[in-house]
Structures are given as C-alpha cells and as structure tokens.
Amino acid sequence: MAELVFFSGTMDSGKSTLALQMHHNHAARDRDGLLYTRNDRAGVARLSSRLGLSVGANEVTDGTDFWSEVVALRTRGRSVDYLICDEAQFYSATQIDQLARVVDDLGADVFAFGISTDFRTRLFPGSERLVEIADRVEELQVRALCWCGARATHNARTVAGVMVVEGAQVVVGDVKADEDAVGYEVLCRRHHMRRMTAGTARAAAPSPQTLGLLPDAGPADADR
C-alpha cells in the first residue's frame, strides 16, 4: 500500500541526508523514482546534504503540478514508483494535496522531508498540510543540538548575527552563513524564546577579569 510520509525535523537534523539515502535504497531495488526540491542551499535543481552529498533534482516552483507530471511520465512509459520531496515546507497546500492524490490514485509512494515551523515558530503552509493529511508523520531520530547542548527544537533566523522574529517567511540562508548575511541557527525552546543565540551567549559570558581568574601576581607585582 502506497503512503504519504512526512519526515520532519529542525535544520541540521539530517533530513536531506535521509532523503538521499532513501532514494539510493529504493533505486537499488530497481524502483523508479523522482527527486524534487525547492530553495536548496546548493542552488537551483539540486538536492544537497550538509555532509557534502549533492545530486540533480527537479526544482519545484509555484507552477509545479505533481499530479500532471507523474501522469505524463507514466503515459510515456515510466513506472514512477516513488517521489522524494525535499524542502517540502516550501510547497503550497495545493501541491501537498496533489502528492496525496499521486499516492491514492496512482499508487506511488511519496516521501516528503521538511522543517515544520519557521523562525517565528509558525507552521509553513506545506508542513501544515502534510501534518493534516499524511499517512504518517515521523520525527527524525538524529537530534540537532542547541549551543547549550540541549535538544534543538526551533529554527532561529539571524541578520548580521542578531536573531530576528519579523520578516518574510521564506528567506534562503544557511547555518554557516557569513555574519553580515541572513543565517539560521537551531535553538532549544528556552533560548529561542530568550532570543539567545550562540553569539549573544558568548558576548554575555563573564570575562576572566569579572570572574577573578586573572593569573596569580608574580613577586614583582606583589611588591607594588
């Protein structure tokens, strides 16, 4: 029985790595699959992992119609047994419904990967619809960590190193962005609510002088 499965996790939790591994496993069993992504950090029509893996993929746009594309390919003789859909949070609710129809009416598996909430902790339209209609929602087992060592559950956006909570929902960036650019960082809920990123935590940390940790005075200093 074909399924629509949503694999959800924060940034840095290995979603794209798992997507590529699943594609490899299914293709190794002679299943015919399609790769889709949108706004990948590696550029247009690429599906990439932070581990360094990168392959070509179909770029999803506002005009992409998954149902029509799969029907057209099957009409031309391809079996299209499954779809790997990365960055699914950026798909529209209508496109998620199209994926569900591919599962139900064409019997193809759809494996969607994405983050659930944006930097404001609000659900993305694509993720929201997937949570509503997916056969299964699975949280990735690889847990990203906040700078404090706790489990990271929230995605924070930074501009010039400062966390922001206002702005457009979709702005492409990365967790390794330059300090002057738009970047992202994963945080635990506590530090997301306090808007405390790794950079602000370092800036607020007491200096050795504040802690009284100056080196012991030498003999010459003691005579002064």
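View 1. Cys188 is in no disulfide either, and its nearest cysteine sulfur, that of Cys146, is 3.8 Å away. The structure as a whole holds zero disulfides. Cys146 is buried, with a relative accessible area of 4%, and Cys188 is buried at 8%. Buried means under 20% relative accessible area, exposed over 50%, and partly exposed in between (1.4 Å probe, protein chains only).

You are looking at a predicted model, where local features need pLDDT of at least 70, side-chain atom pairs count only at pLDDT 80 or more, and totals for chains, interfaces and linings use all residues. Residues are numbered from 1 along each chain as its sequence is written, and side-chain values use heavy atoms, leaving out hydrogens and water.

**View 2. Strand S11 and its partner S9.** Five of the six residues of strand S11 (residues 182-187) are buried, so the strand is largely enclosed by the rest of the structure. Strands (E, at least two residues) and helices (H or I, at least four) are DSSP runs, numbered from the N terminus. S11 pairs with strand S9 (residues 154-159) in the antiparallel sense over six bridges; pairing requires that DSSP finds at least two bridges between two strands. Look for Val159, which stands opposite Val182 in S11.

**View 3. Where helix H2 meets helix H3.** Here Phe66, Trp67, Val70, Val71 and Arg74 in H2 meet residues of H3 including Gln95, Leu99 and Asp105, contact meaning heavy atoms within 4.5 Å.

Technical notes
Disulfide = S-S within 2.5 Å.
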